[in-house]
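Trainee: I would like to learn how to read strands and ring pairs in a model. Please take me through it step by step.

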Amino acid sequence: MKFDRLLPLALLGSFYPGMAALAQDAGSSGNLSVEINELVPSEKGCKLTFVAGNGLPQSLAKVSFEFVLFDEKGLVERMAVLDFRDLPAGKTKVRQFDLSGTKCEAVKSLLINDAPVCDGEGIAKDACMKGLKTGSKSSVELKG
């Protein structure tokens, strides 16, 4: 790879060090990682931004996660199945979801309850939940 191609990558890593670390983890961890990056109010309700990394040796053709949103009292605010679509092996992707009728300030924590869809060639049905690593860059906690 030429130097002129490496420079933009190095600059990107300096602006987004967390992304570079997550991408590195995804490529070598042997696990899936899901991180809540940001929650922002939207016209419909609340837009959630996730960073997902596939450290499995196989690509995922389709994966979805069932999320439980908890309020400040620890009560379930709502449940939603979010389709993360495809996640190629060794890659990191950003996915956004707009939850209509949900107020961001009401969401205090998230739980990944299940992975109802976890499809790919050579992928076991429990691969998406087994060894799932979660994290948060926001004030909202994410558990797996």
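This is a predicted model: local features need pLDDT of at least 70, side-chain atom pairs count only at pLDDT 80 or more; totals for chains, interfaces and linings use all residues.

Trainee: In which sense do β1 and β2 pair, and over how many bridges?

Mentor: The general idea comes before the case. Strands of a sheet pair through backbone hydrogen bonds, either parallel or antiparallel. Strands are DSSP runs (E, at least two residues), numbered from the N terminus. Two strands pair if DSSP finds at least two bridges between them. Here β1 (residues 32–41) and β2 (residues 45–54) are antiparallel, with nine bridges. Three residues separate the two strands, which form a hairpin.

Trainee: In which sense do β1 and β7 pair?

Mentor: Parallel, over four bridges; β7 covers residues 133–136. Take Val34: its bridge partner in β7 is Thr134. For Glu35, the partner in β7 is Gly135.

Trainee: What is the order of the strands in the open sheet?

Mentor: The order is β5-β2-β1-β7, four strands with mixed pairing. β5 and β7 are the edge strands, as each pairs on one side only. From one strand to the next, the twist averages 25 degrees. Such angles run from 0 to 180 degrees between N-to-C directions, with axes as lines fitted to C-alpha atoms.

Trainee: Now the rings. How many aromatic pairs does a search of the whole structure find?

Mentor: Rings of Phe, Tyr and Trp (its six-membered ring) pair if their centres lie within 6.5 Å; planes under 30 degrees apart are stacked, over 60 edge-to-face, the rest tilted. The search finds seven pairs. One of them joins Phe50 and Phe97, edge-to-face, at 6.0 Å centre to centre and 65 degrees between the planes. Phe50 lies in β2 and Phe97 in β5 (residues 92–100), so this pair ties together parts 47 residues apart in sequence.

Trainee: Is Phe50 buried or exposed?

Mentor: Buried means under 20% relative accessible area, exposed over 50%, and partly exposed in between (1.4 Å probe, protein chains only). Phe50 is buried, at 0%. Phe97 is buried too, at 13%. Ring pairs link both into a cluster with Phe65, Phe67 and Phe84.

Terms used: Residues are numbered from 1 along each chain as its sequence is written. Side-chain values use heavy atoms; hydrogens and water are left out.
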